[in-house]
Amino acid sequence: MNTATNHAPMAYDNRPGFFARAEAWLDERGKGAWIAAMVLGFIFAWPIGLALLAYMIWSKRMFSNSCKSMTRTRARHMTKSSGNSAFDAYKAETLRRLEEEQDKFEDFLKRLREAKDKAEFDQFMNDRAEAANNADNRPNDATGQA
């Protein structure tokens, strides 16, 4: 009696494994998803949380400004054509307008920070001048004579 099967073995499809898919899924959602997964790992099974922390440090995901694949996905989506030229023109104009609006808002925030810094500096200088005037007006000895 032979236990071997007559059908051909399953061909390996080029789909990534579970860990590669999980990594891609977390990368699409950003650093917050990685941190949430790590915290849940610590809550349910501390070795999993520790392994995720080690992986995040080793792969430099913990200290990067943003996940690279998320940026690539956004850029690819923004430049992808829909096939409809009217919609693509509308999308390009809207994106241009939003970028212009963002630049104006960033300039506004810069001016606001500069004004706040100047006000804080002016307050510091006024307080310092007032303290110096008070020190000059105080008596020099214990008898109260100047």
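1. Helices here are DSSP runs of H or I with at least four residues, strands are runs of E with at least two, and both are numbered from the N terminus. The side chains of Glu-100 and Arg-96 meet in a salt bridge, at 2.9 Å from N to O; the term stands for a side-chain nitrogen of Lys or Arg within 4 Å of a carboxyl oxygen of Asp or Glu.

2. Please keep in mind that this is a predicted model, in which local features need pLDDT of at least 70, side-chain atom pairs count only at pLDDT 80 or more, and totals for chains, interfaces and linings use all residues. Residues are numbered from 1 along each chain as its sequence is written, and side-chain values use heavy atoms, with hydrogens and water left out.

3. Of its 146 residues, 12% are buried, where buried means under 20% relative accessible area, exposed over 50%, and partly exposed in between (1.4 Å probe, protein chains only).

4. Back to the salt bridges: the whole structure holds 5. Glu-93, Arg-96, Glu-100 and Lys-104 are linked in a network of them. Glu-100 counts as partly exposed because its relative accessibility is 37%, and Arg-96 is partly exposed too, at 40%.

5. Further along helix 5, Lys-118 and Asp-122 are again 4 residues apart, about one turn of the helix. Their salt bridge has its closest N and O atoms 3.0 Å apart. Lys-118 is exposed, because its relative accessible area is 53%, whereas Asp-122 is partly exposed at 32%.

6. Glu-99, Asp-103, Glu-106 and Asp-107 form a negative surface patch. Patches take residues with over 30% relative accessible area and no salt bridge, joining like charges within 9 Å and nonpolar side chains (Val, Leu, Ile, Met, Phe, Trp, Tyr) within 5 Å. Asp and Glu count as negative, Lys and Arg as positive, while His and the chain ends are not counted; each charge is placed at NZ of Lys, CZ of Arg, CG of Asp or CD of Glu. Glu-106 lies in helix 5 (residues 85–137).

7. The surface also has a nonpolar patch, made of Ile-35, Val-39, Leu-40, Ile-43 and Phe-44, with about 520 Å² of accessible area together. Such areas come from the Shrake-Rupley method with a 1.4 Å probe, and for residues only the protein chains shown count as cover. Leu-40 belongs to helix 2 (residues 31–44).
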